[in-house]
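Hi,

Here is the model I said I would pass on. Have a look at it first, and my notes follow below.

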Amino acid sequence: LTFQKQTGELQRAVLGAIRLAAETETRLALLARALFDTPAAPARLTEEVRNLQTRLADMRIVLTGDPVRQSHNAPTPPSIVGRVQGIVSGHWVTTSAPTQTHRDAYEIAAAQFTEILTNLRTLIDTDLANLERAAEKAGAPWTPGRIPDWP
């Protein structure tokens, strides 16, 4: 039961991070469009958006797997969510103790997720926030997640 609770908490956090990454991807796409529509916006802001989009895409591959490689049936390393869902589907339907494979998958997924979550937090709370402030100063149209400045 203890292992199932640990796995359930990891699953909750991983699925939440996947959703947050998808929402952040949308925010970045809308911010890129807003900067395109802002003649006064420096070109470096668009480059920063692309940089954040690339970093986020790399994180999503670790979280959910590489969809391009998967579509070509090419071997891919296990994703974090794949490991977690493998534990859930393999262990939660039984009353026996978790196998060593389940425990190892949990340890690997938890370690990888810790790093990805730290990077995701930095991307959103620091890098994206700074970029949105710069877009606001440049007079970019409002985008979701931004609080407009008003004197």
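Where is Pro144 found? Pro144 sits in the segment after α5 (100-138). Before going on, a word on the basis: this is a predicted model, in which local features need pLDDT of at least 70 and side-chain atom pairs count only at pLDDT 80 or more, while totals for chains, interfaces and linings use all residues. Residues are numbered from 1 along each chain as its sequence is written, and side-chain values use heavy atoms, with hydrogens and water left out. Helices are DSSP runs (H or I, at least four residues), numbered from the N terminus.

Back to that segment. Pro144 counts as partly exposed because its relative accessibility is 33% (buried means under 20% relative accessible area, exposed over 50%, partly exposed in between, with a 1.4 Å probe and protein chains only). Leaving aside neighbours within four places in sequence, Pro144 is in contact (heavy atoms within 4.5 Å) with Arg27, Leu30 and Glu132. From Thr76, Pro144 is 68 residues away in sequence and 34 Å away in space, C-alpha to C-alpha.

Thr143 is also placed in the segment after α5, but with a relative accessible area of 2% Thr143 is buried. With neighbours within four places in sequence set aside, Thr143 touches Leu30, Leu31 and Ala34.

Now the helix pairs. The axes of α1 (residues 2-36) and α2 (residues 43-64) come within 10 Å and cross at roughly 160 degrees; axes are lines fitted to C-alpha atoms, for helices over the stretch in contact, with angles from 0 to 180 degrees between N-to-C directions. So α1 is roughly antiparallel to α2 (angles over 145 degrees). Their crossing is left-handed, i.e. the near helix is turned anticlockwise from the far one by less than a right angle. On the α1 side the contact includes Val14, Ile18, Leu28 and Leu35, and on the α2 side Leu45, Val49, Leu56 and Leu63 are among the residues involved. By class, this contact has 15 nonpolar, four polar and two charged residues (Ala, Val, Leu, Ile, Met, Phe, Trp, Tyr, Cys and Pro count as nonpolar, Asp, Glu, Lys and Arg as charged, and the others, Gly among them, as polar).

For α4 (residues 80-91) and α5, the axes come within 9 Å and cross at roughly 150 degrees, again with a left-handed crossing. Among the residues that meet there are Ile80, Val84, Gly86 and Gly90 in α4 and Ala105, Tyr106, Ala109 and Phe113 in α5. That contact has nine nonpolar, five polar and one charged residues.

Cheers

Note on methods: Helices (H or I, at least four residues) and strands (E, at least two) are DSSP runs, numbered from the N terminus. Angles under 35 degrees count as roughly parallel, over 145 as roughly antiparallel, 65 to 115 as roughly perpendicular and the rest as oblique.
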